[in-house]
Every structure is written in C-alpha cells, then in structure tokens.
Amino acid sequence: MSHQRGALEAVGDDAREADGAREPPSTVVRLKEGALERAILTSASFSIIATDEKGVVQLFNRGAERMLGYRAFEVVDRLTPSDLHDPDEVRERAEALSLEMGTAIAPGFEALAFKASREIEDIHELTYVCKDGSRIPAIVSITALRGRDGQVIGYLLIGTDNSARKRAESLLKEAVAAAETANRAKSDFLSGMSHELRTPLNAILGFAQLIDTGAPPPTATQKRGVDQILKAGWYLLDLINEILDLALIESGKLTLSNEPVSLAEIIAECHAMIEPQAGSRGIGMASPRIDARQFIQADRTRLKQVLINLLFNAVKYNRPNGTVGIDAGTGSAGTTRISIRDTGMGLQAAQLGQLFQPFNRLGKQTEAEEGSGIGLVVSKRLVDLMGGSIGVESTPGEGSVFWVEFAQAQAPLASLATAGEAEPARAASPGAALRTVLYVEDNPANLELVSQLISRRGDLRLLSAPDAPLGIQYARAYLPEVILMDINLPGGMSGLEALEVLAADPATAHIPVIALSANAVPRDIERALVAGFFNYVTKPIVVGKFMLALDAALANPGGGRGLPLGESPC
C-alpha cells in the first residue's frame, strides 16, 4: 500500500508542478490534500487504477480490490487494465475505434487509452473479468495524466459497478417481453373468441331477419318473439365489438387517421341514426344549425362511434318524454366543444368519480336497460387517442351534459373536379341468363342463410363448396360472377390461401371474391383486403349490407382483373 500511496503522491506532485505559477501550498493545505488522497486511495465505493505511460498498473485501490478480487500486489507492476477486461470486448473496441478515428488501433491497452491520450473525453461500458472468473459490467472513465512538460506520464481509470443497472434493464426487458406476449395471447384469444361467438350469432340473427322479412309475414305473436331474438342478438354483437375495441386500444394497435371532419355533417349523421330509437321511446331530439365551414381534427369513424355512444346513452337513461339536445360551440384554447344534454336523473358526485371505469354501470345493472359498462371507457380512450378531451357535468334530478372537445381545423380545399355520377342499377332483362354466385363455406347454418338470401334474387343462382380445394375446382369449372369465401376453412387451406390460388390463375383472376367471415378484428380485415379480397363482410350478416356488397361485386365483374395480390380494386 505504501508503494501505491507513493504513486498517488507522485501523481499529485506532477499535477502541482504543472501549476508552478502558483505559490507553494501551506502546510495545512498539504495536510488536507494528503488526507484527501488517502481517502480516495482507501475508498471501497469505486475502483481507481493508475498506470504509467506504458499502461502498466501502478496503483490499485481498495475499491478495485473489492470489485475484482485481486490484491494490489498481484496487479501492480504486473498487469495492464486491458488484462482485467473481457478480451473480446477490448478487440471489438479496437475495431470500432479504428473505424471512428481512421487509424489502426491495436487490441490491448491502446484501445482503452487512445482517446484519453488525445484529450478526448472517454467514458464507456466494459466488462471486468474478476480473479475468480466472474464478470462485472462497469462504467469506466479514463483520463490521461500529464507532467509539467505536457507529456503523458500515465493514465487514471475510475470504474463503477454497473451490475444493478444491468439487472434492472434485464428485468425491464423481460417484463416488456412478458407483457407483449400476454398482449399477443390476449389479442389471439379475443380474435378466436370473437369468431366462435359470431358464428352461432350469424345463424341466430340471420334466420331471425329472414323470418322477420319473409312472406307470409310473421304473426303478431311471432313478431314479438322475433323482435326479442333480434334485440338480444344485436346487443350481444355490440358487446363483442366493444370488448374487441377495448382490447385493441389497450394493445396499442389501433390505428387512427386524424383529418378535418365537417362538424355539420357528423352531427347530422349521428342525429339521423339515433332519432328513430329516440322516437320509439318518446324522447325528443334537437340539434343546432351549424356552419358548414366548421371543421374539427379527428378520426371520422371513431368520432362518429363516440358521439353515437354518448347519444344512445342520453336516450337510454333519459326519463319518459324527455329530450336530448346536441350543442356545438367554442371550447378551450382553439377547440370546438360538442355537448350532448339529456333530461335524465343525473349523476351523484360519487358516481361521476366512477364514470370511466370498465364494466362499472353505476348501479344500473339491476335496471331493465341493457348495457356492458364498456362504452364510455372505449369512448374516453378513443377521444384521448385523437388528442381531444371528454368530460361530464351533471345535476341530480335534472340531467347530465356529456361533452367532447377537439382542435379546430381548416376546411379542406374543395375538389376542382367532381366525380361522375354512378350508373344507376339496372334490372335484369326478361329471359336473361342467371348469374352464378359460388359460396365456399363449411358451416351448414351459414350456407343455408346465404342460400335463402340468394333465392330471393331471381337473377342469381348459388353454388356451394365445403372447402377451399373444391371451391377452387368449382371456380375454374363454372367461372361464377362472384365468389363468397369464408376465411377459416377445413382441409388445410384457408380462404386467404384459396384467394392466392384463384388470383394466380388467369381463368379466375378477374372474379371478385368477397370475404364472408366471423373474424371481425381490424387486423384480420386489413390483412384480407391487402391480400386482394374485393370486400369483407363480417358475420353476423346484416342483410342490407350483404346485398349491397354483393351488388357492388356483380356490377364490377372485373373487380380484380390484372391486379397483383396486395392491391385493392378501384
């Protein structure tokens, strides 16, 4: 230790000589400096290694002994700091520095001291290899020590144990990986569960719609029963959709497209959608006349979802013969506020604090009104993702006002040219040949439903195949005008794979293929459309939407002609 103390004192003497212009320090000052040097030398908190100009260790303090397991006499005048580091890391550092500095740097101590010798700050991470072979990640600072003439007389390396931070980083990475795995598992589970729930719902809702609109019409008693089936079925479908939305938001996979949205248009659309439900309950609705030049920045589809949810709640939890009002005005700091006012029972202060909690219906679960307690949670998170804000003001016994605020936006420039009007639909000519629709589906209930829908069209006939290989054979043999394709098919080939085969065959590449599937997760729909499906219809089938999709495909028999996979038909 006396040898090391002498080395440290020599370093101090050289530093003082380099500052010879100052007066010699007093005895008190020198005593303080000596005490400081001894404190540094004996510190166990960090390693201090001093070398001569050639890199041979001259000082190895107590912290270095504790960290590396060597005694000072085993290292001083025997080793260089590079001997104490992972040789692979030292070699990699030499290669990296050679590229950075534009000169060849040999592995060894030169790789550690090169920057310091040129008065370049050098703090880096390296791994110490201890006497017992264990390894310690460390952060090492290297400084060149210079004599009075400015020449390098040695190097000072100060190291701190970085194990705790590395362990924390490793634990964090493991936690993130575990969370990502859990999220993927949850998404896969929800996707599969959605499919399993939608498949029987398709039969329930589809056949209920057939009965409701069939000829002869149902009796009054049958009508009441069908209405209850449809009401419960659509409610269950809404619940499935809300759960999927919430899971998608929480996974961070929801994509939004914020753009200028016409305030007048979005409010008029939402008003028109909710007014029939309000009228059936005796609830009056009022909305303001809004300047057509008013726009807000939001994702149009998700904004509409939020407003519909708030309006439906205002109708559902209103009092008999109550009213629902929609207002739009200036919000805070360049925003526009949309307010939805009801004349319901209002909310207590305690209820307001629980308003945006998942599955919390604020005590309404015992009442006749159906609900999941998810809608407001989804709405809040959607508003947050769109950069807006949402809130509520309520007076017990008088009603509530739910509001959303979004940044104001400039109206988009009007198009210089207007698109031509679409050709009106033409009725089939008497005696015209039947057009063929091929449905590739393994579920008998789904097949029966579509069969009855197609039978209502005098201009169409339906072929069916229970799996993809047979569906491909039928497509090549009969060349149908449209193909309806389930995604999850038996026999080892999915609907996506079948589409790829059809698109690669010049004989069938032109046939529009509509995906008809219970997979309603947005990523599944997007993947199918990118793959080349003409359209994507989710189960349970909404009859009107299904017929519109079918008519669009029939009106465009070359929907996929000449297009490679991954492009959508125009």
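Which exposed residues does the face of H16 turned away from its buried side carry? Point 5 answers this.

1. **Ground rules.** This is a predicted model, where local features need pLDDT of at least 70, side-chain atom pairs count only at pLDDT 80 or more, and totals for chains, interfaces and linings use all residues. Residues are numbered from 1 along each chain as its sequence is written, and side-chain values use heavy atoms, with hydrogens and water left out.

2. **Overall picture.** The protein has 16 helices and 17 strands. Both are DSSP runs numbered from the N terminus: helices are H or I with at least four residues, strands are E with at least two. Of the 570 residues, 41% are buried. Buried means under 20% relative accessible area, exposed over 50%, and partly exposed in between (1.4 Å probe, protein chains only). Take the contacts with a separation of 6 or more: 65% of them link residues 24 or more positions apart. Contact here means heavy atoms within 4.5 Å.

3. **The sheet.** Five strands make an open sheet, in the order E14-E13-E15-E16-E17, with parallel pairing. Strands E14 (460–465) and E17 (535–538) are the edges, and each pairs on one side only. The twist averages 20° from one strand to the next. Helix H13 (residues 468–478) packs on the sheet and touches E13 (435–440), E14 and E15 (482–485). The direction of H13 makes about 140° with that of E14. Such angles run from 0 to 180 degrees between N-to-C directions, with axes fitted to C-alpha atoms, for helices over the stretch in contact. Two strands pair if DSSP finds at least two bridges between them. Ile514 stands opposite Asn535 in E17.

4. **Asp86.** Look in the loop between helix H3 (62–68) and helix H4 (87–101) for Asp86. Asp86 counts as buried because its relative accessibility is 8%. Leaving out residues up to four places away in sequence, Asp86 touches Thr127, Val129 and Arg135.

5. **Helix H16.** This helix covers residues 543–554. Its 12 residues should span 16 Å at 1.5 Å a residue, and the end C-alpha atoms are 16 Å apart, which agrees. The expected span is 1.5 Å times one less than the number of residues. The buried residues of H16 include Val543, Phe546, Leu550 and Leu554. Seen down the axis, the buried residues fall within an arc of 160°, so they line one face of the helix. The arc is taken from the directions from the helix axis to the C-beta atoms. As for the opening question, the face turned away from the buried side carries the exposed residues Lys545 and Leu548.
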